[in-house]
Amino acid sequence: MKRYLIIGNGIAGTTAAEEIRRHDTEGEIFLITKESLPLYSRIRLPDFLCGKIGEKELIIKNQEWHDKHNIKLIHSVEIEKIDFLEKKVFSKKSNKIDKIKNSVKEDSISQDIDVFEFDSLLLAVGSKSFIPPVKGNEFGSVFSLRTIDDAKLIIKRLQIDNAKVDNPKDRDQIKATQTPNDNQGIAIDNPKEVVVIGGGLLGLEAAAAMIHAGIKVTVVEFCDRLLPRQLDYQGAKLLQIFLEKIGVIFRLGEGTEEILGKISERGAKLATVIKGLKLKPQVKGVKLKSGDIIKADAVLFSAGVRPDLSLMPDQSTTDLDIQFNACAMTNKSISVNKGVVVNERMETSIPSIYAAGDVAEYDGVNLCIWQEAMEQGRVAGMNMAGKDAAYKNVPPSNILKVAGIAVASAGEIDVEGKMESEIVSTESIYKKLVKDENGKIVGCIMVGDTSDFNKIVKQMRGEV
Ligand SMILES: Cc1cc2nc3c(=O)[nH]c(=O)nc-3n(C[C@H](O)[C@H](O)[C@H](O)COP(=O)(O)OP(=O)(O)OC[C@H]3O[C@@H](n4cnc5c(N)ncnc54)[C@H](O)[C@@H]3O)c2cc1C
């Protein structure tokens, strides 16, 4: 019986597990995640942030689904080291793993460490928010939004009262996100204004969510238009007008010079009673490259993501290295560029080790989008289970709803206007179909109405 181990239960890892089970009804499938939930929608985190939906509605595959498919989901366990050659992973000792001891071959080298052996491994560890090296980026009340814990921390610190975290369990979890030794967990005094750095997809969604929660939001974007990867000037302008109507303020074509901070009154008071409390300055404003200063109580970085390579050799040194120096030394041969390099079967440079989703790089491409992660997970799962599947790059496509405004784009968007295109432009809608020299649709932009989007993407892929 084959043992499959998947690190990461996002859409790539969970899709792979489902696919493996489809083709191998006998094998043991372990899905390990450092997060506390089964697969949930990161895309809907902004809706959770502003209280439109609760935690339950974020969940895509619940525990029952895992039980039904005999996929062993182990949550709240962080893998800290991988020995690719000996086919073992290591984590800090946890009672979660003890519970399934009987079903896991465990070779206890040390009392403090759990060791898993595997036959085939999928790295589906996703990506991390990129925090640009701006002065002040380490201050308290500087956030990014990647996980449900990030969202809960923001809710707590910005005191977003309408967020649906009313049940005691959720409240406890929010408390658990506090950092006991510093003032990071303390609610900000009267938070009213937030600066979002980055006018990309995630930044705009988060900005709209915070406006919905009653916070004043300014978006600072380096580029001179919104969603530069998805929209041309005309489409971006229409979206900007829509968002300005709901209250978002934009500073386009602007860089961030520095985040300004001060020790909050509440933090200073607490420091007098809590021994050893490390105080971090709280944000009080953002200084732009132009010299302008925007008043702010918090900053949300939304400056893109980077594949999470912390498990790759040479990327990290953990306590486990000290105990497992020998194993750390043997793992030099996995090929890593911006992401973990894979072939069309999602195989890495080491046999039986696969990678999929935001962490993987295929053919020099790593879009870090949902559709790509899901398709790569499917291909990896099939191949791990002994089938033969090949991945084809998905055309970059995104559908998003910012404050109810439907926006979508796919493929070539022809920002320069050099190609043939069909354009429909009204006060509330902008649609552009970009065509190649043979009249084939190779890209599209839709703002205000995305009802044709799936049909157009299928046409682009030659599926209709
Ligand atoms: C707020 C937000 C909005 C988004 N909106 C869109 C959108 O509109 N459209 C779109 O296409 N994409 C969107 N995305 C991107 C999309 O969500 C990602 O591309 C997708 O979730 C990637 O899936 P993944 O499975 O590769 O990684 P992830 O979903 O990041 O999952 C990786 C998992 O691995 C776990 N993990 C990592 N390291 C370890 C370890 N050492 N031990 C154990 N577990 C570990 C992590 O905890 C995580 O659960 C959005 C993302 C965010 C955050």
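Tutor: Let us start with a definition: two strands pair if DSSP finds at least two bridges between them. With that in hand, and remembering that this is a predicted model, we can turn to the sheet, in which five strands are arranged in the order S9-S16-S10-S11-S12, with parallel pairing.

Student: What makes S10 and S16 a pair of strands?

Tutor: Strand S10, residues 193–197, is joined to strand S16, residues 298–301, by four bridges, and since at least two bridges are required, the two strands therefore count as paired.

Student: Why are S9 and S12 called edge strands?

Tutor: Strand S9 (142–144) and strand S12 (249–252) each pair on one side only, and the sheet they belong to is open. Neighbouring strands of this sheet are turned against each other by 20° on average, with direction ignored.

Student: Which strands does helix H8 lie across?

Tutor: Helix H8, residues 201–212, lies across S10, S11 (216–221) and S16, and runs at about 165° to S11.

Student: How is the packing of H1 and H13 described?

Tutor: Two packed helices are described by the angle between their axes and the distance between the axes. For helix H1 (residues 11–23) and helix H13 (residues 370–384), the angle is about 30° and the axes are 7 Å apart, while the crossing of H1 past H13 is right-handed.

Student: Which kinds of residue make up the contact of H1 with H13?

Tutor: The contact holds eleven nonpolar, six polar and three charged residues, including Ile11 and Ala12 from H1 and Trp370 and Ala373 from H13.

Terms used: Residues numbered from 1 in each chain as written. Predicted model: local features only at pLDDT ≥ 70, side-chain atom pairs only at ≥ 80, totals over all residues. Axes fitted to C-alpha atoms, helices over the stretch in contact; angles between N-to-C directions. Contact = placed C-beta atoms within 7 Å. Left-handed = near helix turned anticlockwise from the far one by under 90°. Nonpolar A, V, L, I, M, F, W, Y, C, P; charged D, E, K, R; others polar.
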